[in-house]
Amino acid sequence: MAGKDLDINSMNLLYPSLFIKPPEGDEIDAREICSGLDFLGDDSDPVLTNTYTTDAAVDGETYSYSQIANNIDTARFNMYFSDWYDYKLKKHELAKFFMQKGMYRIRTDAEPGIVKFVRAGNFTIETPQGQDNVQFSIPFENPRGVKWSLAYSDQLMEYDQNLWQVGMNLPNGVDLKYHYVNQHEFQIYNASDIDLDPRERYPIQIIVTGFSGSFDMVNETTGDEVVYTGGLEPSDQLVFDNLSVRKNGELVNGDTNLAWIRLKQGWNSFKIYGYKPVDIRFHFRFVYLN
């Protein structure tokens with residue numbers, strides 16, 4: 001996570017709260033954008049697109065594939081102002097904050113451990129007539145159509161760290177591990193709502209150090225096996241980075257079996273062949289549906 005995250009556990013929140021990390025800068029409470037601004041809530045719906053093919057000689061259509069499509073998260077606000085001039089100043093502050101080019105990261109106090117990566121869409125604030133407040137909505141465009149865990153799998157999993165929450169599919173009373181040293185058979189837990197597949201742009205990084213020789217590992221749950229034959233020294237770092245493999249930062253796909261690792265929902269059983277010392281770490285975000 002880049003930038004500074006708010007410690008929202010220490011806040012006294014009487015109303016719904018929205019926390020926004022702009023394209024450049026640290027995370028802030030939306031109330032800080034301008035005085036008199038309140039967040040009223042947000043809502044979004046999942047979008048699943050099913051694709052079919054047709055054959056001119058056959059009735060109906062044949063199913064091809066399904067895709068989680070982009071969706072809209074609509075955030076509602078209320079803004080108080082003292083007079084017309086105050087209204088114009090605050091409207092300018094909102095435009096300056098939300099009309100930045102780039103991706104915003106948003107989360108609410110209802111789901112402090114889950115974030116969305118969005119872009120602000122066009123919005124209108126109607127000119128107030130004889131009142132001291134105005135309500136408006138901002139459509140946040142979510143191109144991936146999913147939510148992500150605020151933290152990565154290999155970050156400290158304690159609720160008081162302000163990174164995790166109830167409702168993230170985390171098993172009770174289980175010490176989840178994503179970093180193993182000199183263990184050649186172990187399990188990795190995918191707490192996502194879906195299976196994670198790098199081909200579908202769900203990033204998974206596997207970092208290997210301290211190993212010597214050729215590296216061979218299999219996810220026995222999915223049957224996926226990755227092999228690196230280029231040879232390693234204990235001082236080398238081998239990174240399976242989605243569909244690519246890098247040794248000490250250099251691309252080495254040509255020395256592999258051109259495979260990748262997927263993670264099923266829940267437990268995944270892994271095996272590293274051989275008994276040489278090894279340090280391995282799994283680094284990824286969990287994925288959730290709206």
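Which side chain meets that of Asp73 in a salt bridge? The partner is Lys116, at 2.2 Å from N to O, where a salt bridge is a side-chain nitrogen of Lys or Arg within 4 Å of a carboxyl oxygen of Asp or Glu. Because Asp73 lies in strand 6 (residues 71–80) and Lys116 in strand 8 (residues 114–120), the pair ties together parts that are 43 residues apart in sequence; strands (E, at least two residues) are DSSP runs, numbered from the N terminus.

This is a predicted model, in which local features need pLDDT of at least 70 and side-chain atom pairs count only at pLDDT 80 or more, while totals for chains, interfaces and linings use all residues. Residues are numbered from 1 along each chain as its sequence is written, and side-chain values use heavy atoms, with hydrogens and water left out.

By this rule the salt bridges number twelve, and three of them are set out below.

| Pair | N to O distance |
|---|---|
| Asp73 and Lys116 | 2.2 Å |
| Lys147 and Glu111 | 3.0 Å |
| Asp197 and Arg199 | 2.7 Å |

Lys147, in strand 10 (residues 147–149), and Glu111, in the loop between strand 7 (104–108) and strand 8, are 36 residues apart.

Relative accessible area is used here with buried meaning under 20%, exposed over 50%, and partly exposed in between (1.4 Å probe, protein chains only). Asp73 is buried at 1%, as Lys116 is at 9%. Lys147 is buried at 8%, whereas Glu111 is partly exposed at 26%. Asp197 is buried at 8%, whereas Arg199 is partly exposed at 48%.

Technical notes. Helix = DSSP H or I, 4+ residues; strand = E, 2+ residues; numbered from the N terminus.
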